[in-house]
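Here is a short briefing to read alongside the coordinates. Have the viewer open, and let's walk through the main points together.

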There are 2 protein chains.
Amino acid sequence: MKELPVSQAYRLLEPGPIVFVTTSQNGKPNIMTMGFHMMIQHDPPLIGCIIGPWDHSYSALRATGECVIAIPTVDLAEKVVDIGNCSGEAVEKFERFGLTPQPARDVAAPLIKECIANIECRVTDTRLVDEYSMFILEAYRIRVNADRKERRTLHHRGDGSFTVDGDVLDLRERMVKWRHLQR
Amino acid sequence: MKELPVSQAYRLLEPGPIVFVTTSQNGKPNIMTMGFHMMIQHDPPLIGCIIGPWDHSYSALRATGECVIAIPTVDLAEKVVDIGNCSGEAVEKFERFGLTPQPARDVAAPLIKECIANIECRVTDTRLVDEYSMFILEAYRIRVNADRKERRTLHHRGDGSFTVDGDVLDLRERMVKWRHLQR
């Protein structure tokens, strides 16, 4: 996997893909599916996300303060739903769903080899966790799978149906004000 | 425009479309483009979004506590970029960009007739505004344009290019755990 500058996290998350979140506690890795997340700040990259006590990953995230956001593509769609439909309390999800954990560098939570991108994150603000289950994460490292042929991500319509990425419309020439963001 | 139950806001926002935000202060309406937003809670629907002092809409939003989130489709792509590239301080954007303001019911900010959906919102929590420019909004009313033929939304890749909605993948049958969300 190739490293992408961490300042480029918004290129991956602003489009709003459904993502996986991995955690690891006491050597036990887990995966959840997450649809409620956003970029908060470009650089240093801050990410807001909703992970609640109803998620098994919640306690690991609170205890360790570390996670990986992994972005799946359309070929993993059934796993996206099925992983969201069972609990890490009962299921070892990497094994059950045939996903390959790989060691991250800055956090104990594993990368998911089959995903197109993995973002290593640490919790940086927990002030809104009790009230809204909102964690604020800082991204520390991004690895992307540049060789992957299937690159279309999924956008959850909230009910188990997903919009798959279609065409790309390139209006970069018009985007004068934000041009400093382009690389 | 047809009314949709406000509890369905997540159906519109969880997929992560680029959106417009309208405000109105002292009878002067404005529009901005916004890419950093997320659902926080299904029902009552709470939305997190990043609107900073660098946005002309920021002061109107702070002063009035009201806005409308309007969702454009692909035919409005150039307006999405151009509206993000100029300031309401210098430009009357509804007029300049040929968009039609329509009165909302619960807020002073206008709906945008040309958009596929309009969500009337009030600011409910400003605790993270100073540090992260993050507003927490509650949605009060949704109007959708059910007659519109073009329904494909845009996902901002952060650099002025956009992924257009492609096919829909229906995995609702697999989504056992979240079935109570389906209507």
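Predicted model: local features only at pLDDT ≥ 70, side-chain atom pairs only at ≥ 80, totals over all residues.

Residues are numbered from 1 along each chain as its sequence is written, chains are lettered from A and ligands numbered from 1 in the order in which they are written, and side-chain values use heavy atoms, with hydrogens and water left out.

**The interface**

- The same surface serves both copies, as 98% of the contact residues of chain B recur in chain A (contact means heavy atoms within 4.5 Å).
- In numbers, 59 residues of chain B touch 58 residues of chain A.
- About 5,600 Å² is buried between the two chains, with carbon and sulfur atoms giving 58% of that area (the accessible area, with a 1.4 Å probe, that two parts lose on being put together, summed over both).
- Eight salt bridges are counted between chain B and chain A (a side-chain nitrogen of Lys or Arg within 4 Å of a carboxyl oxygen of Asp or Glu).
- A:Asp159 forms a salt bridge with B:Arg11, and their closest N and O atoms are 3.0 Å apart.

**Aromatic pairs**

- Over all chains there are two aromatic pairs (ring centres of Phe, Tyr and Trp, its six-membered ring, within 6.5 Å; planes under 30 degrees apart are stacked, over 60 edge-to-face, the rest tilted).
- A:Tyr58 and A:Phe135 are edge-to-face, because their planes stand at 70°, with ring centres 5.9 Å apart.
- This pair links helix α2 (residues 57–64) and strand β10 (residues 134–144) of chain A, its members being 77 residues apart (helices, H or I, of at least four residues and strands, E, of at least two are DSSP runs numbered from the N terminus).
- A:Tyr58 is buried at 14% relative accessibility, and A:Phe135 is buried at 1% (buried is under 20%, exposed over 50%, partly exposed in between; 1.4 Å probe, protein chains only).
- In chain B, the rings of B:Tyr58 and B:Phe135 also lie 5.9 Å apart at 70°, edge-to-face.

**Charge over a ring**

- The charged end of A:Arg122 sits over the ring of A:Tyr140, 4.6 Å from its centre (NZ of Lys or CZ of Arg within 6 Å of the ring centre and within 35 degrees of the ring normal).
- B:Arg122 sits likewise over B:Tyr140, at 4.6 Å.
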